[in-house]
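Take a look at the model below.

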Protein chains: 2
Amino acid sequence: MHNVPVTLDARTWTIAELAAEYDVTLRTIRFYEDRGLLTPERRGTVRVYHARDRVRLGLILRGKRLGFSLDEIATIVDMYDAEPGEEGQLVYLLDQITTRRAELEQRRRDIDETLKELAEVEHRCQSDLKSLRGK
Amino acid sequence: MHNVPVTLDARTWTIAELAAEYDVTLRTIRFYEDRGLLTPERRGTVRVYHARDRVRLGLILRGKRLGFSLDEIATIVDMYDAEPGEEGQLVYLLDQITTRRAELEQRRRDIDETLKELAEVEHRCQSDLKSLRGK
DNA sequence: CTCGTGATTGACGCTTACGTAAACGTAAAG
DNA sequence: CTTTACGTTTACGTAAGCGTCAATCACGAG
């Protein structure tokens, strides 16, 4: 079903390449590894990042933009490549999804309200500007 | 235009009431005051919160849910009750609004993508569950 | 061999956003 | 007057999320 070819897609990245692409520091990437969010291959002592790591980094940063903590991001990101596993695991995952979805929908409501109010402030500003210039 | 009656709406709140209503600690509310986000009246040494403060607290917490830092929240919240002021100020405000709107719209895109992907994971889980039970 | 480039591991520092006492003030109730 | 409830300031503690050295290693080019 969701089996993925393992060795096709042989492209790899260095830590510096990923850092440049996503505009974060090496320190940040290594920190995410410390926190268990990334698990690059080691070739000797050096880190080698595969497509999987690259995708995960993208997910992590998106999670950050959404205001999740790294711990929360960990549980979210881990859902993406969870293996089928046993029933309990699946049920747990589905529960997590429900929770996260509720949070995200709340955030979207917050955003919409804020955008609406910003639009009002903007209108105020613009009419204030007009009456100031039209004076 | 946007003048508001000053003394109507005489209802006030204690710090504990606000804390209970918004489910935050007293410490948190006082901290926001330290950071200049709230400016309750003082009756002697005691803090007295008016409708304005209550609204601002709501805005602050919404900003937090959106993942803004308190500094960013400060600039956002301050836009809401900015006085007409001079032209430069208005232009600055309009610029801020543009910036914040762009951020919020990015966040909304992030949310929508995440929701979409969560839905996919959910489908996977459910079909996995079925094949596990139907087995 | 040596230099430069890019990588590594500590380890300490810093900011944000509060938590958590400690010590004290005040006002109404018993 | 003492207790109780609710408030206050001061101040140190802490977790998260990195920044910023410093010292070291590996390797290809000259």
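Which element gives the largest share of the surface near DNA strand C? In this predicted model, the answer is H2(B), with three residues.

Now widen the view to the rest of that surface. There are 16 residues around DNA strand C. Those that come nearest are Thr14(A), Ala16(A), Arg47(A), Ser69(B) and Leu70(B). Chain A gives two or more residues from each of helix H1 (15-22), helix H2 (26-34) and strand S3 (46-50). By class, the surface near DNA strand C holds six nonpolar, five polar and five charged residues.

Next, turn to the protein chains. How are chain A and chain B related? Two copies of a chain are related by a rotation about an axis and a shift along it. Here the turn is 180° and the shift along the axis is 0.0 Å. In chain A, the C-alpha nearest the axis belongs to Gly67(A), 2.0 Å from it.

The contact between the chains comes next. In it, 31 residues of chain A touch 31 residues of chain B. On chain A, helix H3 (51-65), helix H4 (70-80) and helix H5 (87-134) each supply at least two residues. H5(A) gives the largest share, 23 residues. The side of chain A that touches chain B has 16 nonpolar, four polar and 11 charged residues. Of the interface residues of chain A, 100% are also interface residues in chain B, so the copies meet through the same surface.

Finally, follow H4 into the protein. Which residues of H4(A) are buried? They are Ile73(A), Ile76(A), Val77(A) and Met79(A). Seen down the axis of H4(A), these fall within an arc of 150°, so they line one face of the helix. An α-helix has 3.6 residues a turn, so residues three or four places apart point the same way. The cover over the buried residues of H4(A) includes H3 and H5 of chain A, together with H5 of chain B.

In chain B, the buried residues of H4(B) are Ile73(B), Ile76(B), Val77(B) and Met79(B). They too lie within an arc of 150° when seen down the axis of H4(B), so they line one face of the helix. These buried residues pack against H5 of chain A, along with helix H3 (51-65) and helix H5 (87-134) of chain B.

Conventions. Residues numbered from 1 in each chain as written. Chains lettered and ligands numbered in written order. Predicted model: local features only at pLDDT ≥ 70, side-chain atom pairs only at ≥ 80, totals over all residues. Contact = placed C-beta atoms within 7 Å. Helix = DSSP H or I, 4+ residues; strand = E, 2+ residues; numbered from the N terminus. Nonpolar A, V, L, I, M, F, W, Y, C, P; charged D, E, K, R; others polar. Least-squares fit on C-alpha atoms with pLDDT ≥ 70 in both. Near = placed C-beta within 6 Å. Buried ≥ 20, exposed ≤ 12 C-beta atoms within 10 Å, placed from the backbone. Arc of directions from axis to C-beta.
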